Amino acid sequence: MATEDLQLRDASAVLAKAADENFPVAPFFLPRAWRDDLMAVYGYARLVDDIGDGDLAPGGADARHLGVDPEAAEDRSALLDAFEADLHRVFDSASGQPRHPLMRALQPTVRRCHLTPEPFLGLIEANRQDQLVARYETYDDLLAYCELSANPVGRLVLGITGTATPERIRRSDAVCTALQIIEHLQDVAEDLAQGRVYLPAEDMKRFHVTERDLAAPTAGASVRALVAYEAERARCLLNEGTPLVGSVHGRLKVLLAGFVAGGRAAVSAIVAAGYDVLPGPPKPTKARLLREVGAVLRGEG
């Protein structure tokens with residue numbers, strides 16, 4: 001198989017994960033240029049998360065693309081450093097062509113949409129933080145993490161569509177933070193298995209929840225109460241950000257409605273599970289997601 005074919009296959013394996021997200025990444029109804037740009041950004045965000053989570057495809061292809069020594073192919077910090085160096089090549093042509101195929105795919109989007117490095121660097125920094133911080137003492141600490149790990153994605157969507165304003169960015173940040181918190185609630189057991197807890201320690205103490213409780217096969221009353229509390233916080237953030245949808249028009253309005261609806265539907269799935277997220281991530285049905293999209297577009301809820 002030719003080198004270029006191998007690189008395309010490696011990139012496709014990352015992009016294929018878009019179907020598992022709580023929200024539509026680049027739905028068919030958008031203009032082709034937007035879809036291409038959104039998938040380029042998604043490829044970047046997914047790859048940096050896979051590096052941070054140690055979830056890269058076996059075989060070390062991503063490390064080779066980034067020029068990382070095979071002996072350091074499992075070193076997440078070394079991979080993130082090489083990834084950041086490749087990002088600088090995206091923005092500075094004098095540094096040479098980006099090495100990773102997903103970075104090369106990102107470069108035309110960056111130039112066409114006049115994107116800046118800051119949101120991309122934020123995502124890298126979030127994954128660096130994941131290597132050092134496994135617990136969050138307060139809700140404010142968690143929000144600061146979401147500022148790096150989630151909010152840049154919404155800002156990039158606004159940048160790609162040419163609709164960024166200070167008010168829209170504020171609303172977008174609320175939606176993105178909510179989506180991140182909801183994902184953490186869905187993945188409590190999986191995160192704990194990886195040594196991470198994204199439930200604020202101060203809230204765990206308030207609801208008398210220990211990490212042993214989180215490791216149980218099913219949630220007891222105290223865990224369910226804690227999850228309900230955090231889910232309500234996320235729902236309030238979604239409501240704070242929902243006016244973003246009404247501030248735009250056309251296909252972009254439908255896309256943003258999909259983001260908000262994905263969060264609402266995920267919260268509904270958590271509620272339907274009785275706030276017991278420990279057996280596995282509660283997932284919304286497609287029918288529920290479509291109902292929520294319609295409700296958001298009608299300005300309901």
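Helices here (H or I, at least four residues) are DSSP runs, as are strands (E, at least two), and both are numbered from the N terminus. The model is a predicted one, so local features need pLDDT of at least 70 and side-chain atom pairs count only at pLDDT 80 or more, while totals for chains, interfaces and linings use all residues. Residues are numbered from 1 along each chain as its sequence is written, and side-chain values use heavy atoms, with hydrogens and water left out.

Helix α8 itself spans residues 151–160 and is mostly covered, with 7 of its 10 residues buried. Buried means under 20% relative accessible area, exposed means over 50%, and partly exposed lies in between (1.4 Å probe, protein chains only). The buried residues of α8 are Asn-151, Pro-152, Gly-154, Leu-156, Val-157, Leu-158 and Ile-160.

Some of these turn up again where α8 packs against another helix. Two packed helices are described by the angle between their axes and the distance between the axes. Axes are lines fitted to C-alpha atoms, for helices over the stretch in contact, and angles run from 0 to 180 degrees between N-to-C directions. For helix α2 (residues 32–53) and α8, the axes come within 10 Å and cross at roughly 155°. That makes α2 roughly antiparallel to α8; angles under 35 degrees count as roughly parallel, over 145 as roughly antiparallel, 65 to 115 as roughly perpendicular and the rest as oblique. The crossing of α2 past α8 is right-handed. A crossing gets that label if the near helix is turned clockwise from the far one by less than a right angle, and is left-handed if anticlockwise. On the α2 side, Trp-34, Asp-37, Leu-38 and Val-41 meet Leu-156, Val-157 and Ile-160 of α8, where contact means heavy atoms within 4.5 Å. By class, this contact has 6 nonpolar residues, no polar ones and 1 charged. Ala, Val, Leu, Ile, Met, Phe, Trp, Tyr, Cys and Pro count as nonpolar, Asp, Glu, Lys and Arg as charged, and the others, Gly among them, as polar.

Next up is helix α9 (residues 166–186), which packs on helix α13 (residues 221–241) at about 155°, with the axes 7 Å apart. So α9 is roughly antiparallel to α13, and α9 passes α13 in a left-handed crossing. Among the residues making the contact are Ala-174, Ala-178 and Ile-181 of α9 and Ala-231, Ala-234 and Leu-238 of α13. The contact residues divide into 11 nonpolar, 2 polar and 4 charged. Helix α9 also holds Gln-180, which is buried, at a relative accessible area of 11%. Setting aside neighbours within four places in sequence, Gln-180 is in contact with Cys-146, Ser-149 and Ala-150.

Helix α13 has another partner, helix α15 (residues 250–272), at an angle of about 160° and with the axes 10 Å apart. That makes α13 roughly antiparallel to α15, again with a left-handed crossing. Here Val-227, Leu-238 and Asn-239 of α13 meet Val-260, Gly-263, Arg-264 and Ile-270 of α15.

Zooming out, the protein has 16 helices and 0 strands. Its C-alpha atoms fill a box of roughly 55 × 45 × 35 Å, taken along the principal axes. Of its 301 residues, 49% count as buried.
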